[in-house]
Amino acid sequence: MATRILIPTPLRPFTGGHDTVELDGATIDDLLKALIARHGDLRRHLYSDEGKLRSFVNIYVNDEDIRHLQREATPVGAKDTVSIVPSVAGGSTIVEREAPELTREEVGRYSRHLIMPEVGVDGQRKLKAARVLCVGAGGLGSPATMYLAAAGVGTLGIVDFDTVDASNLHRQVIYATSDVGRRKLQASGERLQSINPNVNVVEHEAALTSKNALDILRGYDIVIDGTDNFQTRYLVNDACVLLKKPNVYGSIFRFDGQAAVFAMPGGPCYRCLYPEPPPPGLVPSCAEGGVLGVLPGIIGLIQATEAIKLILGAGQPLVGRLLLYDALTMKFRELKLRRDAECPVCGDQPTIKELIDYDAFCGITPPQQQKAASGPALPEITVEELKAKFDRGEPVQLLDVREPNEFQICRIEGSKLIPLGQVAARASELDPSRELIVHCKMGGRSAKAVAQLQERGFSNIYNLKGGILAWIDRIDPSQPKY
Ligand SMILES: [Zn+2]
């Protein structure tokens, strides 16, 4: 009894146009040998000169990859169907418009791509036709956009509204020191053009919102999520699912990174992985918790790699898999991800059919509502008022709720350090009968500390508005900011 072998479109010219070939054999190896014996031209497409099965040719027995079975020794029977799936087969469904020709200059520029069978002239033309949007021109967006520009992605859109800060430079390598203070879009656009003038850089000077997201994303084939907050992450995810655009996800924190490709047909989305965001303040941002400078380089380049693979239609995309990277142990791990049939946006009966209010979803209330909701306003003191107290020689009880390594960078003289996480447990170290002024870096963590201490009976307590950064800006510029 013969086994059916399905021949993919690109290989049919070598099987006389047949899409199915029936052959006898006990193993995959037998079948492929028999296939080549009948259709000799197939040999060089399936095997290297050394007689090895080419690495970009995948063989499936029914729906299992033979690499997960017994490779070429995998036994086959009459009921089995064998599929040959070359990774470059079938072209990309991601980029459907006609691919433009390459110029002489481009042939020279991309020559190391053109000689790769997985890219070639056709692949390079697909890259040229492709339109990729990067949401955020920060740590992840820097390497992703620079390499995508260099690789010849024809249109690169960038969404950002920020300016370059000195504290960006240790990881956002698209910016030069001389760019500090400039608009990120302008500085990154110039840099990308200097890397590859063939690239059309489209600037979207805006914060991505429920109102503009669909209009902005619609014009692109692939979206790279380089955001740094949960509201925008869920917004990007939902917009990608609604528009059926692949969402190349990456996230970073300290030494850890994650990457995945969401919103592909049949694959999971970010909500399948994380149905709900953490409560505000529970997961610190990179601005609060820090990030190793090289980390976004690694994760951002994984995102760029996935985008290029999707454009080429090459390899196995990071779909249904969550890649975890730990720089400290230098280990990559992979978790299986499945589409959740109950997912509110990509599930079988989605309840989210249009973009929602992502600030509300993530529990972030606009400042004016926050005041009304939280009852009496938090007692605050300005840095000028604090300075005046020092000048008058008042004995000030000053609490710093940052972390010890932040305390090492800069501090207000005379402050006592108790990190926010220990404030409740160590409240007895403070004197509730005296006035207490609490500060952190910018005022967020200290506000939480004030609330915790108020619950413990501290009534003469104030939050230092703007934190130590305001103190350095307006009172003591001799200290470094971070
Ligand atoms: Zn989902």
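The centres of domain 2 and domain 3, taken over C-alpha atoms, are separated by 38 Å. The structure I am presenting is a predicted model, in which local features need pLDDT of at least 70 and side-chain atom pairs count only at pLDDT 80 or more, while totals for chains, interfaces and linings use all residues. Residues are numbered from 1 along each chain as its sequence is written. The protein chain is divided into domain 1 (3-86), domain 2 (104-364) and domain 3 (371-474), with bounds that come from an automatic or database domain assignment.

Let me turn to the chain as a whole. Its C-alpha trace spans about 95 × 50 × 40 Å along the principal axes. The secondary structure comes to 19 helices and 18 strands; these are DSSP runs numbered from the N terminus, with helices being H or I of at least four residues and strands being E of at least two. The chain has 482 residues, of which 36% count as buried. A residue is called buried if 20 or more other C-beta atoms lie within 10 Å of its own, exposed if 12 or fewer do, and partly exposed in between, with C-beta atoms placed from the backbone. Two residues are in contact if their C-beta atoms, placed in that way, lie within 7 Å. Among contacts with a separation of 6 or more, 66% are made by residues 24 or more positions apart.

I now come to the nonpolar cores. Such a core is a set of buried Ala, Val, Leu, Ile, Met, Phe, Trp, Tyr and Cys residues joined through C-beta atoms within 7 Å. Which residues touch the most other members of the largest core? They are Val132, Val223, Ile224 and Ala307, in a core of 70 residues. The helix giving the most to this core is α12 (residues 295-312), with 9 residues. Apart from it lies another core, of 20 residues, including Val383, Val401, Cys440 and Ile468. As for alanine 307, its contacts, leaving aside neighbours within four places in sequence, are Val132, Leu148, Ile222, Ile224 and Val248.

Next, an open sheet. Five strands form it in the order β14-β18-β17-β15-β16, and the pairing is parallel. Its edge strands, β14 (380-381) and β16 (416-417), each pair on one side only. Two strands count as paired if DSSP finds at least two bridges between them. β14 pairs with β18 (residues 461-464) in the parallel sense over 2 bridges, and glutamate 380 stands opposite asparagine 463 in β18.

Helix α18 (residues 444-455) lies across β17 (436-439) and β18, running at about 170 degrees to β18. For such angles, axes are lines fitted to C-alpha atoms, for helices over the stretch in contact, and the values run from 0 to 180 degrees between N-to-C directions. The end C-alpha atoms of α18 are 17 Å apart, which agrees with the 16 Å that its 12 residues should span at 1.5 Å a residue; the expected span is 1.5 Å times one less than the number of residues. Its buried residues are Arg445, Ser446, Ala447, Ala449, Val450 and Leu453, and they pack against α17 (420-423), β17, β18 and α19 (467-474). After α18 comes glycine 457, with a positive phi near 95 degrees.

α7 (residues 184-195) has 12 residues and reaches 16 Å from its first C-alpha to its last, close to the expected 16 Å. Among its buried residues are Leu185, Ala187 and Leu192. The buried residues of α7 pack against α6 (141-151), β7 (155-160) and β8 (200-205).

Two residues deserve mention for their backbone angles. Most residues other than glycine have a negative phi. Alanine 263, however, has a positive phi of about 65 degrees, and methionine 330 has a positive phi near 50 degrees. Are these two buried or exposed? Alanine 263, in the loop between β11 (256-262) and α10 (270-273), is buried, because 29 other C-beta atoms lie within 10 Å. Methionine 330, in the loop between β12 (321-326) and β13 (331-336), counts as exposed, because it has 8 C-beta neighbours inside 10 Å.

Finally, cysteine 343. It is placed in the loop between β13 and α13 (358-361) and is buried, with 21 other C-beta atoms within 10 Å. Not counting residues up to four places away in sequence, cysteine 343 touches Cys269, Arg271 and Cys272. Between cysteine 343 and arginine 456 there are 42 Å in space, C-alpha to C-alpha, and the two are 113 residues apart in sequence.
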